[in-house]
Amino acid sequence: MTDFSDHEGKTYQEIDPYEERKRFLIDTLEVTQDSVSVNATVTLARFDARIVGNASGGADDIERIRTIANATLVAVNELYPHENQYVLINAQKMLIEERVFYFVSVSSKNTNGHDILCGISIVNQDDNLTIVKATLSAINRKLERLWKIA
């Protein structure tokens, strides 16, 4: 990381692009919905790898949220099939001081039992994309610890 100062003299650290790529990045998100069901396809990128997760669920809003979060976890579990497995506990829309957030909780099953991981993301433009971000927020820190061990 490189330090730099703004016009007011405040010091910031520039994010190293290599460090940023260690986390999963959202490559594409496709959500199709009809009156009965919703289908989500999430493509994540990490370095040169692209992984795809698919999930389907009911057409109501609660199921749409869960389906998108599940598609994200399917992709992560696809890349690491023999390590920690991530299972969705809950995903929901929240309103805090007139701002919309998505909250996701995930169980991380491993050889020592399981951990409960939580992530949250505020909606800026796209609700569906925010659900993926909240899901990745829950698991990225855990994955970073595993990547440092490997």
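Me: In what order do the elements of the protein chain run from the N terminus on?
Reply: It's a predicted model, to start with. The order is β-β-α-β-β-β-α-β-β-β-α, which comes to 3 helices and 8 strands.

Me: Ok, let's pick a helix. How many residues does α2 have?
Reply: Helix α2 has 19 residues, 61–79. From first C-alpha to last, α2 reaches 28 Å, close to the 27 Å expected.

Me: And what's at the start of α2?
Reply: A side-chain oxygen of Asp60 comes to within 3.3 Å of the backbone nitrogen of Ile62 there.

Me: Which residues of α2 are buried?
Reply: Arg64, Ile65, Thr67, Ile68, Ala69, Ala71, Thr72, Leu73, Ala75, Val76 and Asn77. When you look at that list, remember that an α-helix has 3.6 residues a turn, so residues three or four places apart point the same way.

Me: What about the protein chain as a whole, how much counts as buried?
Reply: 35% of its 150 residues. The accessible surface of the chain is about 9100 Å², with 49% of that belonging to carbon and sulfur atoms.

Me: Where do Glu97 and Glu98 sit?
Reply: Glu97 is in the loop between β6 (85–96) and β7 (99–110), and Glu98 lies in the loop between β6 and β7 as well.

Me: Is Glu97 buried or exposed?
Reply: Exposed, at 75% relative accessibility. Glu98 is exposed too, at 76%.

Definitions and conventions
Residues are numbered from 1 along each chain as its sequence is written. This is a predicted model: local features need pLDDT of at least 70, side-chain atom pairs count only at pLDDT 80 or more; totals for chains, interfaces and linings use all residues. Side-chain values use heavy atoms; hydrogens and water are left out. Helices (H or I, at least four residues) and strands (E, at least two) are DSSP runs, numbered from the N terminus. The expected span of a helix is 1.5 Å times one less than its number of residues. Buried means under 20% relative accessible area, exposed over 50%, partly exposed in between (1.4 Å probe, protein chains only). A polar contact is a pair of N or O atoms within 3.5 Å; within protein, one must be able to donate a hydrogen and the other to accept it, and residues adjacent in sequence count only if both atoms are side-chain atoms. Accessible areas come from the Shrake-Rupley method with a 1.4 Å probe; for residues, only the protein chains shown count as cover.
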